[in-house]
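Biologist: I have a structure on my screen and would like to learn how to read it. Can we go through it feature by feature?

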Amino acid sequence: MEEKNLILFALIILYIVIVFLFSRLGKTREIGSRRLFWLSLFLTPVLGLAFFFSSGHRKMKPFTERKYKCERCGYVFSEEYEYCPFCEKEGVKQELSPVKQYMT
Ligand SMILES: [Zn+2]
C-alpha cells in the first residue's frame, strides 16, 4: 500500500470515529444516536451538529417504552418471556401482556 493511500485510509477511519463519538450525543436528543450517525457520516458532522441543535431534548416529550406485564402478579418485565418467570416458579403458566410504560 502506498503511503498516500495509507494516510487517506487513516483519515477515513478517524472521520468515522469522530462521527461515531459525536452521534452518541444524539442519545439524549429526539433525533437519536443512530440517525445522527448516518446524517453526520454522509452530510459531515457540521450539518449533523445543526440537526443535533434543531432536534429537541428527548426529556421534553413523553417517551414510551414497550414492557411486558404479568396480569397475575403485576410484575413488569422489560424483556419478553413466553410465561411470567415468577408465576412459572409457582407452577402457573401466565402469559405476559405488552404494555406501554412512560419513561421517567
Ligand atoms: Zn407473574
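Biologist: How many Å separate the centres of domain 1 and domain 2?

Modeller: This is a predicted model, so read every value as computed from it. The centres of the two domains, taken over C-alpha atoms, are 38 Å apart. Domain 1 covers residues 3–58, and domain 2 covers 64–102.

Biologist: What radius of gyration does the chain have, and what would a compact globule have?

Modeller: The chain has 22 Å. A compact globule of 104 residues would have a radius near 13 Å. Now look at the spans along the principal axes. The C-alpha trace covers about 70 × 40 × 15 Å.

Biologist: What share of the residues counts as buried?

Modeller: Of the 104 residues, 11% do. Contacts give another view. Take those between residues at least 6 apart in sequence: 38% of them join residues at least 24 apart.

Biologist: In what order do the elements run from the N terminus?

Modeller: The order is α-α-β-β-α-β. That comes to three helices and three strands.

Biologist: Take helix H1. Why does its end-to-end distance agree with its 21 residues?

Modeller: First, the general idea. An α-helix has 3.6 residues a turn, so residues three or four places apart point the same way. Now the case here. H1 runs over residues 3–23, and at 1.5 Å a residue it should span 30 Å. Its end C-alpha atoms are 30 Å apart, so the two agree.

Biologist: How many residues of H1 are buried?

Modeller: One of its 21 residues is, so to read this you need the cut-off: a buried residue has 20 or more other C-beta atoms within 10 Å of its own. H1 is hardly covered.

Biologist: Now the sheet. In what order do the strands lie, and is the pairing parallel or antiparallel?

Modeller: Strands of a sheet pair through backbone hydrogen bonds, either parallel or antiparallel. Here the order is E2-E1-E3, in an open sheet with antiparallel pairing. The edge strands, E2 (76–77) and E3 (96–102), each pair on one side only. Strand E1 (residues 64–70) is joined to E2 by two bridges. For Tyr68, the bridge partner in E2 is Phe77.

Biologist: Last one. Where is Glu95 found?

Modeller: Glu95 sits in the loop between helix H3 (85–89) and E3. It has 13 other C-beta atoms within 10 Å, so Glu95 is partly exposed. Tyr81 lies 14 residues away from Glu95 along the chain, yet their C-alpha atoms are separated by 8.0 Å.

Terms used: Residues are numbered from 1 along each chain as its sequence is written. This is a predicted model: local features need pLDDT of at least 70, side-chain atom pairs count only at pLDDT 80 or more; totals for chains, interfaces and linings use all residues. Domain bounds come from an automatic or database domain assignment. Helices (H or I, at least four residues) and strands (E, at least two) are DSSP runs, numbered from the N terminus. The radius of gyration is taken over C-alpha atoms; the globule rule is 2.2 Å times the number of residues to the power 0.38. A residue is buried if 20 or more other C-beta atoms lie within 10 Å of its own, exposed if 12 or fewer, and partly exposed in between; C-beta atoms are placed from the backbone. Two residues are in contact if their C-beta atoms, placed from the backbone, lie within 7 Å. The expected span of a helix is 1.5 Å times one less than its number of residues. Two strands pair if DSSP finds at least two bridges between them.
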